[in-house]
Amino acid sequence: MRAILPEDSLLSAEDALSIYISKVPPKRKVKEINIIDSLNKISAEDIYSRIDLPPFSRSTVDGFAIKSSFTPGKFKISGKINIGDYKEFEISENEAVEVDTGAVIPKGADAVIKIEETKIEGEYVEIPKKLNFGTNVAWIGSDVPKGTQIVYKGEKITPEKIAFLASAGISKIKVYESPSVYVISTGDELVEPGNELQPGKIYESNIHFLVSRIKNDNYSVVGYKLVKDNEKEIEDAINEASKIADVIILTGGTSAGEKDFVHQIIRKKGEIIVHGLKFKPGKPTLLGKFNGKPIFGLPGNIVSTIMIYDRVISKYLSLMRGHENEQEENEVAELLLPVKADKKRFTYIPVYLVGGFAIPIPFDSYMVGSFSLADGFIGLEPGVELKENDKVKVTIKRRDSRITLIGEEDKRFESLPLRKIYLGSQVSCKALEKGIGDIIVVSSLFCAPEKYDYTIERRILEQGEGDEIGYFDWLGISKFNRHPSIKLKSPSTALNFIGKAKVFAPEGYISEGKEIGKEKLFVIVRNKEAFKFLNGIF
């Protein structure tokens, strides 16, 4: 039976694939593996950090831990804490403890001076300058606080993400398995390479392309076979493939010839969803189902095979593996805010990518979590300074297509399944100006938009005594900073300093304390799809 494919009924590759996906949804299999084996896999679950990172306050230099309020002066050296050690003691006002880079800060200490900046005299160390609270200390949770989402479902696992998971103590992750594929090439004219080529014959190349390309794309090939144009042989091969593979790919036998048995077998024993594409070469391509398995029939022409694999099959396999979309390696974007490099070193700055803009993320070299959560990074030569709207080349690490919230953090948003960019009102005001983001949250302490959809009013509470714990200047709450000793990214991180310093945070983060002011958050929804996530909050 000949297959007649009228030109006016043909579909584009994109439309054909869309119809096929709706009729034969890509099935995904899940397995749990060790994180060290998860590189380039796609996560099948959301994962949150069960600990603060860093998990304890630690020194960022080799030096002496002291109480900053008693500097400068001479301090008695009362011991040493090596990296990896934990000692249960508290220093007094005139004591110093030697610490390694990465070592635990002893109780009572709030700053570390580099050893080369001191003078050691026997049992005493002289500190010649005034130290600020927090100098050379990586505070508990200053990278990412407990409860931060490490991995979202559908995300590709990178080496940085594996480091983040390991840092959070997570050893296993559920991922989507790569689909297995069986390749069948049909045709009386085909000869295996290496054999003698008789008149009228050609060497088989489709199997060799498909098997190598499928392996190169990190899918498994569970079998391949070259068969003659014989209906029973072809049907037996398809049946065998359907028992052991997730996907079957055939070449040849899909066109209008009397010996083109592939489409006849699938029509009788399975189902043809699409037959014929508005595509040259590749018109006789078919997309179907056989024994419940997706099956692709390609013309015998090798160029057709290459092009249809790229435009159709690779996209379907990618969805089976968990990819929602493939990503390019680099992208040119505009800076939302100015950035500058270290004066003496080539500098990498992690960024979020939203609507063609690169949003720089506050970053220090120990912050594996912040780097891992970024969409990509930019590299700057020493001393380079770039302005807002300057174009930069971003090296892409991932693409996040979820609804995006930009701006201020609030407890009410904690459980929402959104992409959250909590970089404060300096960023969200700019996002409003540039027209990017789906949900924008702006503090009244920073800017007041003319139009908004919701408001949140919250009290700002102060608790504790001593040095003041503040916030980065681009958060609205930073306006309450008077003389901060250190600046934090997040109100949730401030909880780690309760009882150790003067802490202030919005209600909900701390439950008791003196009210020192109020803040109003304006919530602007720029994407109608985003409203459903906010139901029940307002």
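User: How many salt bridges does the count come to in this model, and what makes a contact a salt bridge?

Analyst: The count comes to 36 salt bridges in what is a predicted model. A contact is counted because a side-chain nitrogen of Lys or Arg lies within 4 Å of a carboxyl oxygen of Asp or Glu.

User: What makes aspartate 217 and arginine 213 a salt bridge?

Analyst: The closest N and O atoms of aspartate 217 and arginine 213 are 3.1 Å apart, and since the cut-off is 4 Å, the pair counts as a salt bridge.

User: Is aspartate 217 called buried or exposed, and why?

Analyst: Aspartate 217 has a relative accessibility of 16%, and because buried means under 20%, aspartate 217 counts as buried. Its partner in the salt bridge, arginine 213, has a relative accessible area of 22% and is therefore partly exposed, a label that covers values between the 20% and 50% limits.

User: How do you know that lysine 225 is bridged to glutamate 240, and where in the chain do the two residues lie?

Analyst: The closest N and O atoms of lysine 225 and glutamate 240 are 2.9 Å apart, to be set against the cut-off of 4 Å, so the two form a salt bridge. This pair links distant parts of the chain, with lysine 225 in strand E17 (residues 220-227) and glutamate 240 in helix H4 (residues 231-244), 15 residues apart. Lysine 225 is partly exposed because its relative accessibility is 30%, and glutamate 240, at 34%, is likewise partly exposed.

User: Why is lysine 430 called buried, and what does glutamate 388 count as?

Analyst: Lysine 430 has a relative accessible area of 19%, and because the limit for buried is under 20%, lysine 430 is called buried. Glutamate 388 has 24% relative accessibility and therefore counts as partly exposed. These two residues form a salt bridge, with closest N and O atoms 2.9 Å apart. The pair joins lysine 430 in helix H8 (residues 424-434) to glutamate 388 in the loop between strand E27 (385-386) and strand E28 (391-396), 42 residues apart.

User: Which residues are linked in a network of salt bridges?

Analyst: The network links Glu155, Lys161, Asp375, Arg398, Asp400, Arg402 and Arg419.

Conventions
Residues are numbered from 1 along each chain as its sequence is written. This is a predicted model: local features need pLDDT of at least 70, side-chain atom pairs count only at pLDDT 80 or more; totals for chains, interfaces and linings use all residues. Side-chain values use heavy atoms; hydrogens and water are left out. Buried means under 20% relative accessible area, exposed over 50%, partly exposed in between (1.4 Å probe, protein chains only). Helices (H or I, at least four residues) and strands (E, at least two) are DSSP runs, numbered from the N terminus.
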